[in-house]
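Keep the viewer open and follow the residue names as they come up.

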Amino acid sequence: MRPVRGVSLRTDERLEYQAGSAYPHGTDAFFRRWVACTIAGEAAGFTVAAALAATQDLSHMPEFAILLGVGALEGALLGRGQAMAMSRLQLPIAILRLWPVATSVAAVLAWSIGLIPGSLHRMGWSSWSSWLLAALLVLVLLASIPTAQFMLLRTALPTAGRWVRFNAVAWMLGLSWTFAPPALVTPDTPVVSEIGVYAIAGVLMATTVAIITGLCWLSWLKRGNVRTAILDAPD
């Protein structure tokens, strides 16, 4: 694998495992950076979506297109944040450049699936076929972002399939936080409070996703599938 551009590596001893630790030097710093960047990117994107929904009368606007645009922005911010964290790993520069784009495109797909129930509110859900369709859509939604990112990681990591599994669990648990705000927000809730409630849910969702996906990186670092890029200390 090629080292990250702009990061110089010292001798192999800089990449040796820390004494008494199962992880290479720099792993703890990378994990903290991954969690922080993922939370910042996803929470920012989700808050923008919440602010739009709370302040705009989407019933008189092309709602579907606008929300898909918000989804693209959310995915781009999430991808950008994660790419910033991944710059501390020895990965091809092409992965870092394409990561925000792939994540943004996949987020649009996820949002389009998430908006289907609202668009088909008259559809009956009493038949087994309707529930089967709903289950398939949920699976596609959960797999959309990790699959797009997997297509990039597979060019550098032989065990990239693990990324899809970790992400599926992460997003399934993370999205559960988004079911709380509708129960807490009422028609007379102030706009600022409404945005705040959704922002908190976004942070909780982002934190859940960040920690679980970070565990995937830890498993790769422990096995040596990927290595941290250690900056040279000043002489």
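What follows goes from the overall fold to the cores, then to a few single residues and a surface patch.

This is a predicted model, where local features need pLDDT of at least 70, side-chain atom pairs count only at pLDDT 80 or more, and totals for chains, interfaces and linings use all residues. Residues are numbered from 1 along each chain as its sequence is written, and side-chain values use heavy atoms, with hydrogens and water left out.

**Overall fold**

The chain has eight helices and zero strands, where helices (H or I, at least four residues) and strands (E, at least two) are DSSP runs numbered from the N terminus. Along the sequence that reads α-α-α-α-α-α-α-α. Of the 235 residues, 42% count as buried; buried means under 20% relative accessible area, exposed over 50%, and partly exposed in between, with a 1.4 Å probe and protein chains only. Among contacts (heavy atoms within 4.5 Å) with a separation of 6 or more, 80% link residues 24 or more positions apart. The chain exposes about 12400 Å², with carbon and sulfur atoms supplying 67% of that area; accessible areas come from the Shrake-Rupley method with a 1.4 Å probe, and for residues only the protein chains shown count as cover.

Helix 8 covers residues 191-223, which is 33 residues. From first C-alpha to last it reaches 48 Å, close to the 48 Å expected at 1.5 Å a residue; the expected span is 1.5 Å times one less than the number of residues. Just after helix 8, Gly224 takes a positive phi of about 80 degrees.

**The cores**

A nonpolar core here is a set of buried Ala, Val, Leu, Ile, Met, Phe, Trp, Tyr and Cys residues joined through side-chain atoms within 4.5 Å. The largest one has 25 residues, and Met86, Trp99, Leu153, Trp163, Trp217, Trp220 and Val226 touch the most other members. Helix 1 (27-55), helix 2 (63-86), helix 3 (93-114), helix 5 (128-153) and helix 8 each supply at least two residues of this core. A second, separate core of eleven residues includes Ala106, Leu142, Val209 and Ile212.

Leave out residues up to four places away in sequence, and Leu153 touches Met86, Ile95, Trp99, Ala160, Trp163, Trp217 and Trp220. With the same exclusion, Phe30 touches Ala85, Met86, Arg88, Leu89, Trp217, Leu221 and Thr228, and Leu142 touches Ala168, Trp171, Met172 and Leu175.

**Single residues**

Phe30 sits in helix 1 and is buried, at a relative accessible area of 3%. Leu142 lies in helix 5 and also counts as buried, at 12%. Met151 is in helix 5 too, but Met151 is partly exposed, at 44%.

Some C-alpha pairs to check in the viewer:

| Pair | Apart in sequence | C-alpha to C-alpha |
|---|---|---|
| Phe30 and Ser87 | 57 residues | 9.5 Å |
| Leu142 and Val164 | 22 residues | 9.1 Å |
| Met151 and Ile95 | 56 residues | 9.7 Å |

Which residues make the nonpolar surface patch of about 200 Å²? Val48, Leu73 and Leu77 do. Patch residues have over 30% relative accessible area and no salt bridge, with like charges joined within 9 Å and nonpolar side chains (Val, Leu, Ile, Met, Phe, Trp, Tyr) within 5 Å. A salt bridge is a side-chain nitrogen of Lys or Arg within 4 Å of a carboxyl oxygen of Asp or Glu. Val48 belongs to helix 1 and is partly exposed, with a relative accessible area of 36%.
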